[in-house]
Amino acid sequence: MQTTERSAAEQILRNLPRVNGIVPMFVNGAWQLAADGGTREVHNPANGRVIATVAEGSAADAQAAVSAARKAFDEGPWGSMSAAERAALLFKLADAIDANRDELMRIDTLNNGKPLRETEYDVIDAANCFRYYAGLATKPHGQTFDVPAPSQTFTVREPIGVCGQIVPWNYPLLMATWKLAPALAAGNVCILKPAELTPLSTIRLAMLMQELEFPAGVVNIVLGAGATVGHALAASELVDKIAFTGGTKTGRSIMHDATTNLKKISLELGGKSPNVVFADADFDTAIDYALFGIFANAGQVCSAGSRLIVERSLHDRFMDRLVERAQKIRVGDGFDPQTEMGPIISPVHRERVEGYIAAGRDEGAQLLCGGDRLGGPLAEGNFIAPTVFDGTSPSMRIVQEEIFGPVLVVQTFDNEAEAIALANDTIYGLAGGVFTQDIAKAHRVIRKMRAGITWINTYHPTYNEAPWGGYKQSGIGRELGTYGYDAYTEVKQINVNLDVEPSGWFSE
Ligand code: NAD
């Protein structure tokens, strides 16, 4: 089954566009190779095999895409299309994603490694995200103001213009969608750079856009490294906005690059999110979501509940059960229907995660389970067993720094104030959860948590309708919902004089 599924997916990759056998970039409505002929091999993280060779762009390719996008925005038909016409195209794209769901989810499982049940969810969510923003495009967004006569004042929302968009590898199709859908709905044009490790589903998405005859230059997909292509987009004076999802360190560098022309900026960055469990929580629910919070997508989730903060009186019973369950998680190839957790994205990232596991041991934390690579049939992939560290102290690196892997660190508290203090004790503020059956306590704790996305008695559900983003060093701005749309618009104030006469301010 596993082998059949995988070869079926490899068959699907053969449908991707190719120029001289290489998966190309999509610039100005055409498929093209890198100007300098650069290429990069893309791997399946479950077995290390090369699954495609893609074009590896450079700053020159980024600049060519920026010129195409600039022309499309300044002169192309996109700007004169009505919101209803843009919406119609985006609704069609959502339908095309649904129609190609099996193919898209298999491409992401092959390229990212996550289980099919996760990529299926991602692809459904991506279609719904395009649908949500297609709907929003035609809703009124301006305001009118009751200003002193004889003026009439109102606002309209207009697109920002050329948007550079840079995304990570953990949700390849979905992260591209979160960027493209609101930007296009609002009338912008885009140059999107997927993560260099996972470009394939984005290329397939661009094919769907090409088939639907999106005007040339409106969506450009440039492949390549962050330091070259990403940097060129962030620094370009012809780009009006840069939207980035990725690590906090990279976000800092992009913010610096964006100062060239003071472009608008949105940053969705890392996290070290607390999941607070009180002794009065529903035990099985709290166990279930503590596992889901950290081990979904092998912990490679910005909002992962990577710090379990558990009340001391519950601690021993909770940890016994959590570890028992963590050890039973079926780790393997995402194409195996039994698989519950897939691999780490790359050998380099696995070494980074292992570096943190070593640091946890060195600093004296107690390893309750995991910590090792998985061998046997999984030896060729980048697998790490679900890992839990107890006996931590707040200053440890594994408590403070984002690991971005299947590693849970446990902290213990005696009272509500201590739980809140521990929850807020990192530079991050992306997400957080609380489990208790005392609803007033749940609200008190959530209100004091310095985080942008929070959950009570659940962990991880994410909705296209609701804003997504972080406090503190987890980011700037919000994606999704109306907030995500507004972030791709400028607000224009229009003042109309209803009494058309000279003001007489200066004498004649
Ligand atoms: P990363 O920052 O290394 O890379 C993300 C993207 O930025 C990639 O496309 C990369 O090529 C590009 N990039 C790298 N250096 C660049 C530079 N100097 N200039 C411009 N672009 C550059 O992150 P990653 O390892 O791919 O992803 C993991 C990180 O992403 C984690 O920190 C995670 O928390 C974060 N993330 C955040 C969210 C969110 O919504 N807040 C969602 C997913 C992932």
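**Ligand surroundings and domain interface**

The ligand is surrounded by 28 residues, the closest being V167, E196, T250, L269 and E402 (a residue counts if one of its heavy atoms lies within 4 Å of the molecule). The model is predicted: local features need pLDDT of at least 70 and side-chain atom pairs count only at pLDDT 80 or more, whereas totals for chains, interfaces and linings use all residues. Residues are numbered from 1 along each chain as its sequence is written, and side-chain values use heavy atoms, without hydrogens and water.

Oxygen atoms of the ligand lie 2.8 Å from a polar side-chain atom of K193, 2.9 Å from a side-chain N or O atom of W468 and 3.0 Å from a side-chain N or O atom of W169.

The domain assignment, automatic or from a database, gives domain 1 (2-269) and domain 2 (274-456). Their centres, taken over C-alpha atoms, are 31 Å apart. Contact (heavy atoms within 4.5 Å) joins 26 residues of domain 1 to 25 residues of domain 2.

About 2,000 Å² is buried between domain 1 and domain 2, with carbon and sulfur atoms giving 59%; this is the accessible area (1.4 Å probe) that two parts lose on being put together, summed over both. On the side of domain 1 that touches domain 2, the elements giving two or more residues are α1 (2-13), α4 (101-112) and α5 (116-137), helices being DSSP runs of H or I with at least four residues, numbered from the N terminus. The most comes from α4, with five residues.

Conventions. Polar contact = N/O pair within 3.5 Å; in protein donor to acceptor, adjacent residues only side chain to side chain.
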